Number of protein chains: 2
Amino acid sequence: MARKKTVDVEKTADDMFKEFKEVSVTEFFRKNKSHLGYAGKIRSLTTVVHELVTNSLDACEEAGILPEITIKLKQLGQDHYRFTCQDNGPGIPIKHISSVFGKMLAGTKFHRNIQLRGQQGIGVAGVTLFSQMTTGKPVKISSGTGSGVVHETKLMIDVRKNNAEIVEARDIKDRWRGTQIEGELKGVLFSLAEYGPFEYMRRTAIANPHATFTFIDPEGRKTTFERSSKKIPQKPCEIKPHPKNMDVDEFIQMAKASKGRHVSSFLETEFSRVSKSKVAEIQSTVTFDLKKNPRRLAWSEAEEIVKAIAEIDFMAPPTEGLCPIGDDQVKKAVLNILEPEFEATIARSPSVHSGGVPFQVEVAVAYGGNAGRNISDGGLRTEVMRFANRVPLLFDAGGCAIQKAVNSVDWKRYELRDFEHSPFTIFVNLVSTHIPYTSAGKQSVSDDDEIIKEIRMALMDVGRKFKRYHSKKRREFEKEARYTALMKYSTELASAVSQINGKDEQKILGDLQDLIKKKLRYSGGNKE
Amino acid sequence: MARKKTVDVEKTADDMFKEFKEVSVTEFFRKNKSHLGYAGKIRSLTTVVHELVTNSLDACEEAGILPEITIKLKQLGQDHYRFTCQDNGPGIPIKHISSVFGKMLAGTKFHRNIQLRGQQGIGVAGVTLFSQMTTGKPVKISSGTGSGVVHETKLMIDVRKNNAEIVEARDIKDRWRGTQIEGELKGVLFSLAEYGPFEYMRRTAIANPHATFTFIDPEGRKTTFERSSKKIPQKPCEIKPHPKNMDVDEFIQMAKASKGRHVSSFLETEFSRVSKSKVAEIQSTVTFDLKKNPRRLAWSEAEEIVKAIAEIDFMAPPTEGLCPIGDDQVKKAVLNILEPEFEATIARSPSVHSGGVPFQVEVAVAYGGNAGRNISDGGLRTEVMRFANRVPLLFDAGGCAIQKAVNSVDWKRYELRDFEHSPFTIFVNLVSTHIPYTSAGKQSVSDDDEIIKEIRMALMDVGRKFKRYHSKKRREFEKEARYTALMKYSTELASAVSQINGKDEQKILGDLQDLIKKKLRYSGGNKE
């Protein structure tokens, strides 16, 4: 290192560090509330609705309950609203109520390899924080498990400590089961626009046909999105991680926590799709004995295993952990809401993104009918509906893997000439046990190559279907035009021919029209 | 509440919550590393360089040192690199080294109202985390304050506890002053593209003309961006918050922490631009006596004050806390790097965004020369260079307030016909004591209305300058064309006139050309 004279630094290092301080995660998000989606009046209100609905849906799904969720917004003053969210979920045991709603990074979702909408342990505590930041008031939670007592808790967050502060608590005798959260917000604004709570609810209903949603807007208008299916979705379950693309750090962490005696048994029991023969394949590549204690695995050894795994073929991850909406349900929802003249859906097989996390892509396109989005100047735009684990993503499309995949497709090749301005709706649902969001606001998926590839493939598939439909439609249209033209002139033609050869005009006309019909007229769908 | 029978929920609430767990902030970001910008091989490497450079620049600036920063990348294997960052900053006192580099949300920057590049207390600890996550190895920090001892520390982060773990430490006798951090990374890739570390360094050099940067790329090529100015930028200083747009929550927090005896004195001493007469104005609006103890202020009273403030005019926030690059410096940098045929710069007066935080906007445009961005197919695209507190923002342009402001301008009105494909570079630097980023990755500014408005105004200003230049250039071009054409035919014309009136042809030609010159030829810049 170069030797230098101490310069007369005006502020010495010691001085600079005298204000060194540690802050809590709540303080962090309080100062950076835009990270959680609390930016702008309209978006902030949508974020609140989003967190509440997500939380309720997850609770119902995990408990195997057909969800009934009511969101009510009431205007109390300028930019001042009261929100209420009520669900018929399993309720929350009293000892966990304050942590769920009043402590960030505390919860059940974070560390489990399970497909849930929420996954960060921040969202619903974020609602409490935002409510108290804008109004200075606590939120009120009522929760019953059906056991005969409903717990009512008013709580705030102690920001410095990231702890819930119970302001008031009482028990009510009631066999009601479910959870209700109620609070006030300031600095927010209700809007019926694309980014508002109503559109959020509508899209949530499309992606969750098994749930009934009631939305009561600030004008008191009540909209109910009835469930179109009574099939309780398969319950999300924890699945073992898939060995492919597992990173070394994750692998070491698992090995350290493992109770297995050998690395070989650790591999077999704690990962999916790892059989004895796969372990043997790994053993043949690595330079050490897999009989080793997994808790003593060195970084370099773990690296060898991860590298070996990368070069071996494994079965795709099990699908039990993933809960796609299902082709039928997507189709039903699309037909029901968009009434298109053409629709196509496709679900790709599950795949794996970095970190060994399984994911699956469902795509639908709709053309004509109510597809596309009407814009204020009266024009029409192609609409892209993005979903992650059935949750609509309304914001930050710019950096989102789903949008990138959509943009990467050359839609002209699929006969969609003016992609931007067509009566075309693209629906993409990405399901995964861990969605790699770009930010805690969870509105945009990080551009993982595997994810983009899968979405792109699915879009090209439905694109081809659209092309077939459209080409056929175009050909039919052209034939129809020729048919109409020829039929129109057939009378004159028949009269002319009759004058020339003296045959009966009506006979000629009949023959002529039969000929035209035979050559050009066909009823939809049969051979060309 | 409706009374319901307990349904046979397959998984009871108690079951669901048995895995309830609290995670540390490091664990959170470990699992969500994309929030910090660690997404994709190229971007991850740029993020590391960004965090290191940012950290060094801040340290130098606070200590009033002209920065000399060297970044070296060395390839060790496929997707495997070593990084070194050395600066001539003030060094870090030994007791703080482990917290700065090994503990998230610990630091000096978070809670101070001061313009620094870093503001979150996450960035550089994020580098340590990412390095150990991909290689299993500690980072090595050497730091000296010029006192005669250089401390060398190898450290890792205990992810579960969010604590630094010192792996090795030793002291070396050396009077060197500065900080060096060295570590390894896997799963990253060096690229010369727009999103790579080299472009990052180039743009950082543009926005920091007082610093010298040396960049040694993995091929061993050394590039030095010499400082073009020896003026030490004004040191960032803490400023009192501005009362405008202060939110109630922030206000209450300050009041509670205040040592003042009355709300009135609290207002006068702890805010900028609040004079006795302004306090009197506030008093005339609110329903209670401002002689009240600030620590006893009720939420509703604080609301009254905030509301009163919103309706009163205050002077703009003091500029001492803001460190813009400066018109001259921006111009110098733009001319130096882009060599354009036209450039215009503008700095708006400081303004205030939500939360009472002052900010200021500097904008430059350059046209012709090396302005614009060459794309791979040989075409040219308009280039937008976004900066926040002099830090280049390379990613996530889609959701960024700066990009939105650029897009909101109707460039056709300023004679830029094909905005997308022009030799045009737009430079925007947003400075603030708190930049409202959309995510912890700090690549995109949240769309605050005030910020967008200020940037838009500045862009329209430089747009008008460009239009004047361009209209004039166009008129000159048209005149030039007419002049050339008339001169070309003047000989024939003179000859024809001479034949008609019998005067001397050369005399007529001379007169004619004088006339054309007088009417149409002018040397650039004088009146038309």
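Colleague: Is Cys85(B) buried or exposed in this predicted model?

Modeller: The model is a predicted one. Cys85(B) has a relative accessible area of 1%. Buried means under 20%, so Cys85(B) is buried.

Colleague: How many disulfides does the structure hold over all chains?

Modeller: Cys400(A) is in no disulfide, and the nearest cysteine sulfur, in Cys400(B), is 17 Å away. Cys400(A) is also buried, with a relative accessible area of 0%. Over all chains, the number of disulfides is zero.

Colleague: Which are the edge strands of the open sheet in chain B?

Modeller: The sheet has eight strands with mixed pairing, in the order S7-S6-S5-S8-S3-S2-S9-S10. Each edge strand pairs on one side only. They are strand S7 (163–174) and strand S10 (222–225) of chain B.

Colleague: What is the bridge partner of His151(B) in S7(B)?

Modeller: Strand S6 (residues 148–158) of chain B runs antiparallel to S7(B), and eleven bridges join them. In S7(B), the partner of His151(B) is Asp171(B).

Colleague: What angle does the direction of helix H6 of chain B make with that of S9(B)?

Modeller: Helix H6 (residues 197–207) of chain B packs on the sheet and touches strand S2 (68–77), strand S9 (212–216) and S10. Its direction makes with that of S9(B) an angle of about 170°.

Methods: Residues numbered from 1 in each chain as written. Chains lettered and ligands numbered in written order. Predicted model: local features only at pLDDT ≥ 70, side-chain atom pairs only at ≥ 80, totals over all residues. Heavy atoms only, no water. Pairing = 2+ DSSP bridges. Helix = DSSP H or I, 4+ residues; strand = E, 2+ residues; numbered from the N terminus. Contact = heavy atoms within 4.5 Å. Axes fitted to C-alpha atoms, helices over the stretch in contact; angles between N-to-C directions. Disulfide = S-S within 2.5 Å. Buried < 20%, exposed > 50% of the residue type's maximum accessible area, 1.4 Å probe, protein only.
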